[in-house]
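Please read them with the sequence and the model side by side.

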Amino acid sequence: GCINETVATLVAHAAAERATDPETARTLKEIAADETRHAALAWRFVAWACRRDARIRTRIAKRALVVPNVADMSGYGILDRATLHDVVTRGFAEVVAPAVAALAKDEGRATTRSDAHA
């Protein structure tokens, strides 16, 4: 939570700053604010856990001394540029474009998450 929500916060803020469509920018700002709250909650939880159990603080202190290889953050759930590009490209081709086409045809049904992965 601390790592991924913090990164999601940074990504959402960057996306909101770059969005040129006003509605998209407004929505991304709301998402960024939400992600900011998630990140803050994660950090507060870890701080609380550290106060309750010194072993957690010791473990975190040891981990903090090991700087992760920023070229490979996959172990922390952070995708590298090529993988992220592939996921976004495939997502648009396999999920977004068909969903938009279905809406345009007014097929009378909403695309669900299970439809998207079928």
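1. Helices, as the word is used here, are DSSP runs of H or I with at least four residues, numbered from the N terminus. The model is predicted. On that definition, helix 4 covers residues 81-105 and includes V87.

2. Overall fold. The protein chain contains five helices and zero strands. Read from the N terminus, the order of elements is α-α-α-α-α. Of the contacts with a separation of 6 or more, 43% join residues 24 or more positions apart.

3. Burial and surface. The protein chain has 118 residues, and 14% of them are buried.

4. Nonpolar patch. Which residues form a nonpolar patch on the surface? They are L79, L84, V87, V88, F92, V96 and V100, and together they have about 590 Å² of accessible area. V87, one of these residues, has a relative accessible area of 46% and is therefore partly exposed.

5. The whole structure has four salt bridges. One of them links D34 to R37, with 3.2 Å between the closest N and O atoms. Both residues sit in helix 2, three residues apart, which is about one turn of the helix. D34 is partly exposed, because its relative accessible area is 30%. Another salt bridge joins the side chains of D53 and R55, at 2.8 Å from N to O. R55 has 64% relative accessibility and so counts as exposed.

6. Salt-bridge network. D86, R90 and E94 are connected through a network of salt bridges. Within this group, R90 pairs with E94, and their closest N and O atoms are 3.4 Å apart. R90 and E94 are both in helix 4, separated by four residues, or about one turn of the helix. R90, at 44% relative accessibility, counts as partly exposed. E94 is partly exposed as well, with a relative accessible area of 48%.

7. Aromatic pair. The structure has one aromatic pair. Why is the pair of F45 and W48 called tilted? The ring centres of F45 and W48 are 5.6 Å apart and the planes meet at 35°, so the pair is tilted. For reference, planes under 30 degrees apart would count as stacked and those over 60 as edge-to-face. F45 and W48 both belong to helix 2 (residues 22-52), where they are three residues apart, about one turn of the helix. W48 counts as partly exposed because its relative accessibility is 40%.

8. Cysteines. How many disulfides does the structure hold? There are zero. A disulfide is a covalent bond between the sulfur atoms of two cysteines. For C2, the closest cysteine sulfur is in C50, 9.1 Å away, and this is too far for a bond. The cut-off for a disulfide is 2.5 Å between the sulfur atoms. C2 counts as buried because its relative accessibility is 13%. C50, at 12% relative accessibility, likewise counts as buried.

Conventions. Residues are numbered from 1 along each chain as its sequence is written. This is a predicted model: local features need pLDDT of at least 70, side-chain atom pairs count only at pLDDT 80 or more; totals for chains, interfaces and linings use all residues. Side-chain values use heavy atoms; hydrogens and water are left out. Rings of Phe, Tyr and Trp (its six-membered ring) pair if their centres lie within 6.5 Å; planes under 30 degrees apart count as stacked, over 60 as edge-to-face and the rest as tilted. Helices (H or I, at least four residues) and strands (E, at least two) are DSSP runs, numbered from the N terminus. Buried means under 20% relative accessible area, exposed over 50%, partly exposed in between (1.4 Å probe, protein chains only). Patches are made of residues with over 30% relative accessible area and no salt bridge: like charges are joined within 9 Å, nonpolar side chains (Val, Leu, Ile, Met, Phe, Trp, Tyr) within 5 Å. Accessible areas come from the Shrake-Rupley method with a 1.4 Å probe; for residues, only the protein chains shown count as cover. Contact means heavy atoms within 4.5 Å.
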